[in-house]
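Please walk through this model with the coordinates open beside the text.

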Amino acid sequence: SGTSRPVRILHHVQKVAQYGDAQSVLSAVDSYCSKIEWAMNVGDLKGQILDAVVLETRPHYVLELGTYCGYSTVRIARLLPPGARLFSIEMNPQYAQVAREIIQHAGLDAKVDILVGCTSDLIPQLKKKLDIEKFDFVFIDHWKVSYLRDTKLLEECDLLRPGSVLLADNVTCPGAPDYLHYMRTSPRYESQYFPSRLEYLQVEDGMEKSVFLA
Ligand SMILES: Oc1cc(-c2ccc(F)cc2)cc2cncnc12
Ligand SMILES: [Mg+2]
């Protein structure tokens, strides 16, 4: 097949979703990935947990680790007040380009910056590059082996404040056992598990919400 899966998703969004309507973009991705071909978007079921945590947190500065096609980026950005900013890190340049076009189709490109590179390289540069002090909300959804390393990097780079909320996808499937153990035993976090299902399937998955204490 000539195109990639993310490009096929983008073409479907551009064909069926209303320009400037974030909800129609989310619905287009979810219908394509539940009926035509599976893709690793957070999906609508876990997406409702993400929505609830974002609304409860009311973040001004948001960091996302792992953009893919931008589904969760749109999901989060559509709930942010004017002036709030979302920075999303994606290491695959093709994914990043598809995400930019899906986010633009949703009319949310003014709130979102996609940074292409490896989280371990970019996280230490964020304070200087973005002139940001701390992140109020972090959505972790990239490679599971990097969850714990990157969380410790956020701490070391002083990018979290008391009350910062971290929400991690896929802590059950594919799983992030070292991250879960750290979050559930560290005195620096208050952690809570939200059981759910893997996107578009009946497989068990879940999200871990962790509040940084100090
Ligand atoms: O939500 C996700 C799901 C899966 C995944 C893949 C294969 C499988 F069999 C089960 C689950 C992989 C991911 C990688 N990065 C971010 N999110 C992901
Ligand atoms: Mg995921």
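**A walk through the model**

Pro 174 sits in helix α9, which covers residues 171-175. The model is predicted. The peptide bond leading from Cys 173 into Pro 174 is cis, and its omega is near 5°. Most peptide bonds are trans.

In the side chain of Asp 141, an N or O atom is 3.0 Å from a nitrogen atom of ligand 1. Asp 169 places a polar side-chain atom 3.3 Å from an oxygen atom of the ligand. For Glu 199, the distance from a side-chain N or O atom to an oxygen atom of ligand 1 is 2.5 Å.

Now turn to the sheet. Seven strands form an open sheet with mixed pairing. Read across, the order is β3-β2-β1-β4-β5-β7-β6. Why is one side of β3 and of β6 left without a neighbour in the sheet? Strands β3 (112-116) and β6 (189-197) stand at the edges and have a single partner strand each, so one side of each has no neighbour there. From one strand to the next, the twist averages 15°.

Within the pair, Glu 90 is opposite Val 116 of β3.

Helix α10, residues 177-185, touches β4, β5, β6 and β7. Its direction makes about 135° with that of β6. Helix α8, residues 147-156, lies across β1 (61-65), β4 (135-140), β5 (160-168), β6 and β7 (204-212). Relative to β5, helix α8 runs at about 165°.

How many of the ten residues of α8 are buried? Seven are, so the helix is mostly covered. The buried residues are Tyr 147, Leu 148, Asp 150, Thr 151, Leu 153, Leu 154 and Glu 155. An α-helix has 3.6 residues a turn, so residues three or four places apart point the same way. After α8 comes Asp 158, which has a positive phi near 55°.

Most residues other than glycine have a negative phi. Asp 131 is not a glycine, yet its phi is positive, at about 55°. Asp 131 lies in the loop between α7 (126-130) and β4. With 68% relative accessibility, Asp 131 counts as exposed. Tyr 200 also has a positive phi, near 65°. Tyr 200 belongs to the loop between β6 and β7. At a relative accessible area of 22%, Tyr 200 is partly exposed.

Ser 210 is in β7. Its relative accessible area is 0%, so Ser 210 is buried. The side chains of Ser 210 and Ser 191 are joined by a polar contact of 2.8 Å. Beyond its sequence neighbours within four places, Ser 210 is in contact with residues including Ser 164, Val 165 and Leu 166. Tyr 179 and Met 183 are also among its contacts.

Ser 196 is in β6. Is Ser 196 buried or exposed? Ser 196 is buried, because its relative accessibility is 9%. Setting aside residues up to four places away in sequence, Ser 196 touches Leu 45, Lys 46, Ile 49, Val 203, Glu 204, Asp 205 and Gly 206. Asp 109 lies elsewhere: its C-alpha atom is separated from that of Ser 196 by 29 Å. Along the chain, Ser 196 and Asp 109 are 87 residues apart.

From the sulfur of Cys 118, the nearest cysteine sulfur is that of Cys 157, 13 Å away. A disulfide needs sulfur atoms within 2.5 Å. Cys 118 is partly exposed, at 26% relative accessibility. Cys 157 is in no disulfide either. With a relative accessible area of 19%, Cys 157 counts as buried, because the limit is under 20%.

Methods: Residues numbered from 1 in each chain as written. Chains lettered and ligands numbered in written order. Predicted model: local features only at pLDDT ≥ 70, side-chain atom pairs only at ≥ 80, totals over all residues. Heavy atoms only, no water. Pairing = 2+ DSSP bridges. Helix = DSSP H or I, 4+ residues; strand = E, 2+ residues; numbered from the N terminus. Axes fitted to C-alpha atoms, helices over the stretch in contact; angles between N-to-C directions. Contact = heavy atoms within 4.5 Å. Buried < 20%, exposed > 50% of the residue type's maximum accessible area, 1.4 Å probe, protein only. Polar contact = N/O pair within 3.5 Å; in protein donor to acceptor, adjacent residues only side chain to side chain.
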